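I opened this entry to keep a record of what I looked up, item by item. The notes follow the order in which I went through the model.

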Amino acid sequence: MSDIIRLLPDSVANQIAAGEVVQRPASAVKELMENALDAGSTMIKLIVKDAGKTLIQVIDNGCGMSETDARMSFERHATSKIKKAEDLFAIRTMGFRGEALASVAAIAQVELKTKRIGDETGVKIEIEGSEIKSQEHSICPDGTSISVKNLFYNVPARRNFLKTDSVELRHIIDEFQRVAIPNPQVAFTFHHNNTEVFNLPVGNLKQRLMGVFGASYNSRLVPVEEETGIVNIKGYVIKPDFAKKTRGEQFFFLNKRFIKSAYLHHAVQSAFEQLLPNDSYASYFLMLDVDPKTIDINIHPTKTEVKFEDEKAIYAFLRSAIKKSLGQFNIAPSLDFNQEAHLYNMPLKPVDGIYKQPTITVDPNYNPFKTDTSAVKPSERELSNYANWEKMYSRHADNQLEFEIKKEEDTQQTINTDWDNELHESNLKSSYQLHNKYILTHIKTGFMVIEQQGAHERILYERIINALEKNKSATQQELFPKTIELNASDFALVKDLHTEITALGFDISEFGKNTFIIHGIPAEAVDGDSVALLENLIENYKQNLIELKSDRRENVARSMARNMAIKTGKSLTQEEMNNLIDELFACEMPYSTPNGRPTITTFSSDDLDKRFKK
Ligand code: ADP
Ligand code: MG
């Protein structure tokens, strides 16, 4: 039998490697822009057609390449950035694996024009599916221009796998921002289908952020700056008032490279502590600078996770730097920071080089479960504190209620579904609102507790789904139409969702760059802040995209229902409570929110009776 193992031809090997480096147009954008940065450019232009499916072009004014280098740059493992293995530990450039151009050239039609400063002429190379089609001298400006046409033209399976233009465009915008934000010393422009998406002149970091996210960021940014032996931190956090409900504007840059880190995110989030409204995320743009030796750079080039040597210390420095800023700018009491001042005097490593485990003293007699009876029999301290009785009461009541609901779920009691009957016989007039959160009402067999926000979400959700199907809802026209300026990716999203948004009852029209005018809002929106209404819809929609892969209409309905629902904390009149109950039971599925949280729970008189037995 003959031998069967063969070496793959280069073009095939490159195509396989390309799958790792170039997953979508945005990955090619990232690689080309990083190359332009590495070339020392001060001006980088990105031109994209059809969300990168037809054309991605990056033009820079960097160092350019010689004719030989230009040809070499398409070879796999061809790089000018490392010469020996040790160089790997001192990497300051964005690229170093020498794979990007080879990968891109394997799956697209690429045209490279490049000229070094001082060279008389430049060179133009055309390469397609790893095959050089032409190479000639060319009159071109200093620097490099690379056009990537018809990405995946020879890999139909991958081409078909690409998402809609708006989705791919959003990925490109993300990558563009990740490169542009940490490099304000470089001017960037970005055109998509002949419209200008970004035009970012050279400036400082703050100006760059305003260029990317809009001038309104001027008053939202709080500077953070700290230099320590391990890490230098520089950047901005967004004032807590402007916190968002989604992760979207969380940017860490490690040595100018965008990274994701749940651990460091936690450090920032905890620095904000009680300053953030519930379920909101801090927004931040933080540049961390560390010695490249102390991070693991041997990571996959398209991955954004990193390993730090001094993770714990960086966490602590980051947290206290932010606390200090929030304190200094009177956003949080600066007392908080003083308590942590010792951190800065903390020796980085103990003199003997050995860390001692911190010791904790514990009360061996403490039993967390022993306080069981305190709900019935207040402790001495609580008694002496009787002036706070109100607080005490509400705390216990809360616990009790939570406990009850849990118990209800545990025992899986079947809910009596004969609501109509039950409700008619009960006296609806005497519904009772508890903690501006729950509605208590009797039913024949006991009583029922309705969670107001969830219940209203369910009602609105079913109504909106209906309206979307009919493609129509009532609109209330705004007396004074407002404008809303969005960032580029949210703008693209709203354009993409225009049909659904209109069906919800919004009346919006484009108004210049990244801006819409809101002429009308859904008639049902009780709280008439049109800008907040649309902003929250976008935020909820993006959040849902992360959490569940539901279809657009479903997502829009859920987002809008959550957006418009009456909130916990709103006090309701007797009539409002009765309407809510009526409408809830007119729903197809009254028992849970669209996201599956229960809206109703019941308690039977038997249950109560048992509790009052001796
Ligand atoms: P890497 O960036 O990892 O070195 P690439 O495949 O991205 O690998 O690029 C290969 C080489 O081509 C680079 O090391 C660099 O020398 C050269 N190169 C690529 N793009 C440019 C550019 N825009 N300007 C100058 N040189 C470039
Ligand atoms: Mg590169």
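This is a predicted model: local features need pLDDT of at least 70, side-chain atom pairs count only at pLDDT 80 or more; totals for chains, interfaces and linings use all residues.

I began with Phe190, which counts as buried because its relative accessibility is 0%, where the cut-off for buried is under 20%.

**Aromatic pairs**

I then asked for the partners of Phe190. Phe190 and Phe198 form a stacked aromatic pair, with 6.2 Å from centre to centre and 25° between the planes. Both Phe190 and Phe198 are buried.

I noted for myself that a pair of aromatic rings is described by the distance of the centres and the angle of the planes. The count of aromatic pairs comes to 15. The rings of Phe176 and Phe190 have centres 5.1 Å apart and planes at 40°, so I logged this pair as tilted. Phe176 sits in helix α6 (residues 165-180) and Phe190 in strand β7 (residues 187-192), so the pair ties together parts that are 14 residues apart in sequence. Phe176 is buried too, at a relative accessible area of 1%.

I also listed one aromatic cluster, formed by Phe213, Tyr217, Phe251, Phe253, Phe258 and Phe285.

**The loop between α6 and β7**

Where does Asn183 lie? I found Asn183 in the loop between α6 and β7. Is Asn183 buried or exposed? Asn183 is buried, with a relative accessible area of 3%. Leaving out residues up to four places away in sequence, Asn183 touches Leu37, Phe188, Arg208 and Lys256.

**Other positive phi values**

I looked for further cases, since most residues other than glycine have a negative phi. Asp50 has a positive phi, near 50°. Asp50 belongs to the loop between β1 (43-49) and β2 (55-60). I have Asp50 down as partly exposed, with a relative accessible area of 32%.

Asn436 also has a positive phi, near 50°. I placed Asn436 in the loop between β16 (432-434) and β17 (438-443). At 27% relative accessibility, Asn436 counts as partly exposed.

**Gly143**

Gly143 lies in strand β6 (residues 143-149). I recorded Gly143 as buried, at 2% relative accessibility. The C-alpha atoms of Gly143 and Lys115 are separated by 5.4 Å, although the two residues are 28 residues apart along the chain. Neighbours within four places in sequence aside, Gly143 is in contact with Asp60, Asn61, Gly62, Gly64, Lys113, Thr114 and Lys115.

**Ligand 1**

Asp60, a contact of Gly143, came up again at ligand 1. A polar side-chain atom of Asp60 lies 2.9 Å from a nitrogen atom of ligand 1. An N or O atom in the side chain of Asn35 is 2.8 Å from an oxygen atom of the ligand. Ala100 takes part through its backbone, with an N or O atom 3.2 Å from an oxygen atom of ligand 1. Taken alone, ligand 1 exposes 530 Å², and the protein buries 92% of that.

How many residues surround ligand 1? I got 18 residues, the closest being Asn35, Thr79, Ser80, Lys81 and Gly98. By class, the shell holds 6 nonpolar, 8 polar and 4 charged residues.

**Whole protein**

I finished with the totals. The protein has 21 helices and 22 strands. Of its 614 residues, 47% are buried. I put the accessible surface at about 33300 Å², with 52% of it belonging to carbon and sulfur atoms. Among contacts between residues at least 6 apart in sequence, 68% join residues at least 24 apart.

How values were computed. Residues are numbered from 1 along each chain as its sequence is written. Chains are lettered from A and ligands numbered from 1 in the order in which they are written. Side-chain values use heavy atoms; hydrogens and water are left out. A residue is near a molecule or strand if one of its heavy atoms lies within 4 Å of it. A polar contact is a pair of N or O atoms within 3.5 Å; within protein, one must be able to donate a hydrogen and the other to accept it, and residues adjacent in sequence count only if both atoms are side-chain atoms. Accessible areas come from the Shrake-Rupley method with a 1.4 Å probe; for residues, only the protein chains shown count as cover. Ala, Val, Leu, Ile, Met, Phe, Trp, Tyr, Cys and Pro count as nonpolar, Asp, Glu, Lys and Arg as charged, and the others, Gly among them, as polar. Rings of Phe, Tyr and Trp (its six-membered ring) pair if their centres lie within 6.5 Å; planes under 30 degrees apart count as stacked, over 60 as edge-to-face and the rest as tilted. Helices (H or I, at least four residues) and strands (E, at least two) are DSSP runs, numbered from the N terminus. Buried means under 20% relative accessible area, exposed over 50%, partly exposed in between (1.4 Å probe, protein chains only). Contact means heavy atoms within 4.5 Å.
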